[in-house]
Amino acid sequence: MQISRIASPLKLLTIALKVGRVTKKYPFGPPLLTESFRGAISIDPAKCWGCGACTLVCPPNALTMRLEGEKIVLEYFKGRCIFCGMCADTCPANAIIVTKEFELAATSVEDLKEDVIHKMSKCAICGKPFVATAEIRDVMKMQPITEEYANICPECRKKRAVKAFGMRFGAST
Amino acid sequence: MSMKDVVKEIEGKVVEFGGVVETITDTAVFVEIPKERVKEFAKWLYNAGAFLKTCAGVDERSINSRFAVYHIFGLDEKGIDVVLRISSLEGEALPSIASEVPAAEWCELEARDMLGLHILGHESKPRLVLPQDWPNAVYPLRKDVPYDYRPPSSVENFGKELPSEVGLPVGPYHPILHEPEYFELYVEGERVVDVFYRGFHVHRGIEKLAESPRFTYKTIPFLAERICGICGFVHSSCYVLTVERAAKIEVPERAQFIRSIVLEIERIHSHLLWLGVAAHILGYDAGFMHIWRIREPIMVLAELLTGSRKTYGINIVGGVRRDIDESKKKKALDVLRNVREEFKRFVEVFTSVPEIVKRATGTGVLPKDDARALSVVGPTARGSGLRRDVRKDYPYFAYRLASFKVPVYSEGDNLARLLVRVDEVFESISIVEQLLDALPRGSIAVESYEIPSFRKAVGAVEAPRGEDVHFIITGHGRPYRWRVRAPTYQNIPALKIMLRNTPLADAFLTIASIDPCFSCTDRAVVIRDVRSGFRRFASLFEGRRYANK
Ligand code: SF4
Ligand code: SF4
């Protein structure tokens, strides 16, 4: 025991001298992140459709969607985000990228929120707003459906189909 | 005896006791036993060498108008689980098996608290999980209680259930699922004569939350990962493993490897963290700093492989979300080689300084028999001579393909538990190296899967602190019931035995030696002198002050 009482600190001293200083001069000096690091996300409003797929997979509900009159608002609340990147994996429009941003402190909660605002299109039959305009635009680019069909809300689409079906079979609707 | 014979024998016994075998899978046998005879059956199982993993109360009224308790036993030597179901109508009594299997006490009390089951023999015991001021007839895990229910606060009820000689100081409240804890140590002079424990101060209701419409099979891994701040990946792994078993999803081999690799990296960081904190508690701060310095590259490596230093977020049902490419693999091997060298050099110093060796030798002893009776897990079990390791006993993911030793020490003291962890760091480094070298090609996740309702499965993963157990009954879109048993849950009852009759100065290291989650616990201890009634608070790190007395 007596020997180790002296020998151990000496050994430790040699280790310490060899290693030298390890404290990094953050925030100066080269970045401390690796290439894989996941930080806050960034939503490109020009690409986003307002479809809401990301809000369904976001585990802590950091992404939410709400209706404000005739607008759809996609809200990103950094205070809740766990930086998992599930939203970016899911977004059909590739509108979300995962950045390396991690210095997110803010002095007010509002500064942690970001909104993407979408105008809604009105249904060509009943006139109710039902979907983000951007979604119709981009979906039509990808799918061979006519504007006439895309501009109608699901409710009216159903009614129209029932009617067409009834007429074909001579029912008295 | 082969697996088939074991299952045959169990089947025979079940029939003998008037029960039925429900399902048999590769890893588990599900049986139903009439509740009158469950005690005998449990006793037989226990004497046949089974450990009690946990039990889970389930409100099954919407399926069969009954309440059920599932006792989950594990036959370590055979690598199969035996899940024993007993059930009753509302208000009917259920027998307890705690007299035959002492480890069942806690989970039965939990089922009583959370579901309002009438379990014989537990009527007069104080609440285990629910707080003192929780209203009487509200049982949170019953399906008719909404997940966001908040009780009106009623200060009057406070303290009524505690034994009268114990006051209830405010706090300590610690922010984690099964690990927040509060000890009152009764001392005579410098010796601890008794221990009072009260935990679950901030039970977060994660099991209930996962049943709510806010979560789906897809998002629960991220919730599971937040059960623990240090070994969260264990929980998300255990969750996906259990769901995959229930739904019989074949996970690509590459994903299995990646999961095992990340789990071992987590173990390395966790053990290094603990060794550092143990050094700190004993007043050897130079050791603390050096170990944490050695640990830092492991944290950076975890970030490189997963995208995050902690709470990696790469587990999903059916696979993983991040791949390990050649350049990452090369970097990982470099880091591991360096860490092994550095740690080896440091361990020589660490295990020879008297601050560590003298204080840890012969203190906090947990004899093997007690360890067996309480079914303790992880380094706590292995330090007391029990060769228990889920990675060997119930191989999952890629562990079957790695060769490693399970370090066991028979002394049962703090030093034994410390040395188990030291050895395991080396073993884990070697496992990661082997698996990285043998990483198979292929995809890292299945394209799609279906999860049928009302399938049951048990999954277990070896966490740094011991066996982590999840039990799932599947439902529509999310589990019908998800039961989580963190390793510390199994180990805390053993502290009573370890602490009795030890000097007060050693109590701090002993409490720490089971490695309850440190990230989220600052762990205050109340010390009370039996003779003078004097009482004060101490934090865990104050142990060193007492050391020199
Ligand atoms: S990174 Fe994860 S938590 Fe954050 S917004 Fe996307 S899905 Fe939600
Ligand atoms: S387009 Fe992408 S970002 Fe926009 S709402 Fe849909 S999923 Fe979210």
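## A guided tour of chains A and B

Begin by selecting A:Glu35 and B:Lys331, which form a salt bridge (a side-chain nitrogen of Lys or Arg within 4 Å of a carboxyl oxygen of Asp or Glu) with the closest N and O atoms 3.3 Å apart. The model is predicted, so local features need pLDDT of at least 70 and side-chain atom pairs count only at pLDDT 80 or more, while totals for chains, interfaces and linings use all residues. Residues are numbered from 1 along each chain as its sequence is written, chains are lettered from A and ligands numbered from 1 in the order in which they are written, and side-chain values use heavy atoms, with hydrogens and water left out.

**The interface**

Next, display chain A and chain B together. Across their interface the rule finds 2 salt bridges. The contact (heavy atoms within 4.5 Å) involves 28 residues from chain A and 34 residues from chain B. The buried area, meaning the accessible area (1.4 Å probe) that two parts lose on being put together, summed over both, is about 2,500 Å², and carbon and sulfur atoms give 58% of it. Now select B:Arg293, B:Glu303 and B:Arg321: these supply 18% of the area that chain B buries against chain A, more than any other three residues.

**The two ligands**

Move to ligand 1 and select the residues that surround it (those with a heavy atom within 4 Å). Among them are A:Ile41, A:Cys58, A:Pro60, A:Tyr76 and A:Phe83. By class (Ala, Val, Leu, Ile, Met, Phe, Trp, Tyr, Cys and Pro are nonpolar; Asp, Glu, Lys and Arg are charged; the others, Gly among them, are polar), this shell has 11 nonpolar residues, 1 polar residue and no charged residues.

Continue to ligand 2, whose surroundings include A:Cys48, A:Trp49, A:Cys51, A:Leu74 and A:Ile96. The shell of ligand 2 divides into 10 nonpolar, 2 polar and no charged residues.

**Chain B as a whole**

Select chain B and colour it by secondary structure. Chain B has 18 helices and 16 strands, taken as DSSP runs numbered from the N terminus (helices H or I, at least four residues; strands E, at least two). Of its 549 residues, 63% are buried, where buried means under 20% relative accessible area, exposed over 50%, and partly exposed in between (1.4 Å probe, protein chains only).

**Salt bridges within chain B**

Over all chains, the whole structure holds 45 salt bridges. Select B:Glu433 and B:Arg340, whose side chains meet in one of 2.8 Å, N to O. B:Glu433 lies in helix α15 (residues 414–437) and B:Arg340 in helix α10 (residues 326–350), so the pair ties together parts that are 93 residues apart in sequence. B:Glu433 is buried at 16% relative accessibility, whereas B:Arg340 is partly exposed at 22%.

Then select B:Asp506 and B:Arg359, a salt bridge with its closest N and O atoms 3.5 Å apart. B:Asp506 belongs to helix α17 (residues 504–513) and B:Arg359 to helix α11 (residues 354–360), so this pair links parts 147 residues apart in sequence. B:Asp506 is buried at 10% relative accessibility, and B:Arg359 is buried at 18%.

Next come B:Arg485 and B:Glu467, joined by a salt bridge of 3.7 Å, N to O. Both residues are buried.

To finish, select B:Glu264, B:Arg267, B:Arg382, B:Asp389, B:Arg391, B:Glu424 and B:Glu462, which salt bridges with shared partners join into one network.
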